[in-house]
Amino acid sequence: MNIGILCYPTYGGSGVVATELGKELAERGHKVHFISYSIPMRLKFSENIYFHKVQMASYPLFDFGLYSIALASKIVEVAKFNGLDLVHAHYAIPHATSAYLAREIITQEHINGKNGNGNLKIITTLHGTDITLVGLEISFLPTMKFSIEKSDGVTAVSEFLKVKTQSQYNIDKHIEVIPNFIDLEHYKRIDNDETRCLKERIAKHGEKIIVHTSNFRPLKRVDDCIRIFNEVRKKIPSKLLLIGDGPERSACEYLAKDLGIHEDIKFYGNLESFVEILSIADLFLMPSQSESFGLSALEAMACGVPVVSSNAGGLPELNLHGETGYIAEMGDINKMSDYVKELLENKNKYRIFSENARERAVTLFASDKIVTQYENYYEKVLKA
Ligand code: GMT
C-alpha cells in the first residue's frame with residue numbers, strides 16, 4: 001500500500017504512535033509518506049520511508065498561520081505524485097479536516113479527467129485531547145464532528161475514547177478500537193554495567209526509584225506525583241525522576257523546593273530514549289486527570305515496572321488494579337501514596353506485579369499484533 005501519515009512531529013503520544021506505526025509498516029514493505037511541518041522526533045530513515053514538509057506561506061494579511069490549508073495542499077501533491085491509496089490522520093485536529101479537503105480536491109480533479117486517485121481513503125485515529133479537550137471547544141466542535149463523520153474509517157486508542165467520541169459528538173459511526181502498541185525488543189529491562197552504574201549514581205544508598213514521564217501539561221497533574229512522593233519518602237528512602245517538559249515544570253520545581261524535597265527529585269527535561277531509566281525504576285506514577293490510553297505507562301510496564309495511576313479515561317483498560325499496579329480516584333494522593341508504599345514494601349507482591357506488567361504488555365500490546373490490526377483495517381476500508 002501507499003500510505004500517507006499526518007501527525008504532529010513533536011514529543012507527545014500521538015506523534016510517537018504515528019511514527020512507530022509508519023516505521024513498522026515500512027518494514028513490512030508498504031511505502032510510507034510522512035507529511036508534517038517538521039521531521040517527527042522518532043523518525044529514522046529507511047527504505048520505504050519518505051518525509052514531505054508542509055511549507056507555510058506568510059503574508060501580512062495572515063495574522064494566524066494557515067496550516068490546515070497548507071497541509072491539505074501538500075496532501076494533494078503527495079497523493080498525486082506518489083499514488084497514495086490512503087491517508088492516515090493521527091490526532092483529528094486539524095489532520096482529519098485537511099485530509100477531507102484534500103480528498104475533495106483530488107476527487108474533483110479526477111472527475112475533471114486530471115487523473116489522480118478518485119478513490120483516496122481517509123482513516124482518522126483519535127488519540128485523546130483531540131476529543132476530550134480541544135475538540136470540544138466551540139470553535140472546533142462542528143468541524144471535528146463533520147471531519148470524523150466524513151472519514152472512511154475511524155479508530156480510537158481505547159474503548160473509553162470510542163464511547164466518549166460517540167456520546168460527546170453524537171456520532172453513531174462505527175469506531176474501531178485499536179490500542180496503542182509497544183516495541184518489546186526496545187522496551188525491555190536492561191540489566192548491564194551501564195544501568196547498574198546509573199542506579200548506583202542515582203540511588204547511592206539503595207533508595208527506591210519512582211518515575212513519571214509526561215509533557216507537564218496541567219491535566220498530567222505532575223504536582224500530584226511530587227505530593228505522592230513526599231508521603232512515600234517519609235517512610236521509604238526513595239528518589240523521584242521526572243522526565244519531560246512543559247507548562248507546569250516551573251511550578252513543580254518550586255513545589256519540590258517548598259516541600260524541601262528537591263534534593264531527592266531529578267527533573268531531566270525531554271529525553272529521546274529513557275529505557276535505561278525505566279530499567280532501574282521500581283515504580284511508575286500516572287495520576288492524570290484525563291488519559292485516553294497512557295502510552296508512557298505502557299512503556300514502563302513493558303520494562304516490568306508496576307504502575308500506580310488514577311482512574312482517568314482509558315487507564316483502567318491498561319493498568320489492572322491489583323495485578324499490574326494500583327488505581328485510585330483522580331486526586332486521591334493519600335490512596336496513591338499508600339499503594340506505592342504497599343508495593344515497595346512487599347517484595348513478593350512486587351515481583352508478581354512486575355511480571356504481570358511485562359506479561360500484559362507482551363500479550364495485548366505487542367507491536368506485531370497491533371500493526372497487523374491496522375493493516376487489516378486499512379484493507380477493509382480500501383475494499384469498502
Ligand atoms: O497527552 C499527551 O501525552 C499527548 C497526547 C497526544 O495526542 O499527543 O496523548 C494522547 O495520545 C496518546 C497516544 O495515543 C495517549 O497515550 C494519551 O493517553 C493521550 N493523552 C490524553 O488523553 C491526555
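1. Pairing here requires at least two DSSP bridges between the strands, and the elements are DSSP runs numbered from the N terminus, with helices being H or I of at least four residues and strands being E of at least two.

2. A word on what we are looking at. This is a predicted model, where local features need pLDDT of at least 70 and side-chain atom pairs count only at pLDDT 80 or more, while totals for chains, interfaces and linings use all residues. Residues are numbered from 1 along each chain as its sequence is written, and side-chain values use heavy atoms, with hydrogens and water left out.

3. Contact means heavy atoms within 4.5 Å.

4. Next, a helix pair. Helix α3 (residues 92-111) packs against helix α5 (residues 141-150) at an angle of about 55 degrees, and their axes are 9 Å apart. α3 and α5 are therefore oblique to each other; the scheme is under 35 degrees for roughly parallel, over 145 for roughly antiparallel, 65 to 115 for roughly perpendicular, and oblique for the rest. The crossing of α3 and α5 is left-handed, meaning that the near helix is turned anticlockwise from the far one by less than a right angle (clockwise would be right-handed).

5. Who makes that contact? On the α3 side there are Ala-92, Ile-93, Ala-96, Thr-97, Tyr-100 and Arg-103, and on the α5 side Thr-143, Met-144, Phe-146, Ser-147 and Lys-150. By class, the residues of the α3 and α5 contact are six nonpolar, three polar and two charged. Nonpolar covers Ala, Val, Leu, Ile, Met, Phe, Trp, Tyr, Cys and Pro, charged covers Asp, Glu, Lys and Arg, and the others, Gly among them, are polar.

6. There is also an open sheet of six strands, ordered β10-β9-β8-β11-β12-β13, with parallel pairing. Its edge strands, β10 (265-269) and β13 (325-328), each pair on one side only. From one strand to the next the twist averages 20 degrees. Helix α8 (residues 222-235) packs on this sheet, touching β8 (208-213), β9, β10 and β11 (283-286), and its direction makes about 170 degrees with that of β9.

7. Have a look at β9 in particular. Six of its six residues are buried, so β9 is largely enclosed by the rest of the structure. Ser-238, Leu-240 and Leu-242 point one way, Lys-239, Leu-241 and Ile-243 the other. Buried means under 20% relative accessible area, exposed over 50%, and partly exposed in between, using a 1.4 Å probe and protein chains only. Six bridges join β8 to β9 in parallel, and Ile-209 has Lys-239 as its bridge partner in β9. Toward β10, strand β9 (residues 238-243) pairs in the parallel sense over four bridges, with Ile-243 opposite Gly-269.

8. β11 is covered on both faces: Leu-283 and Leu-285 on one side, and Phe-284 and Met-286 on the other, are all buried. Two bridges join β8 to β11, and Ile-210 is partnered by Leu-283. β11 also pairs with strand β12 (residues 307-310) over three bridges, in the parallel sense, where Leu-285 stands opposite Val-308.

9. Last point, on a loop residue. Ser-290 is found between β11 and α11 (295-302), and is partly exposed, with a relative accessible area of 21%. Leaving out residues up to four places away in sequence, Ser-290 touches Thr-132, Leu-219 and Ala-312.

Definitions and conventions. Axes fitted to C-alpha atoms, helices over the stretch in contact; angles between N-to-C directions.
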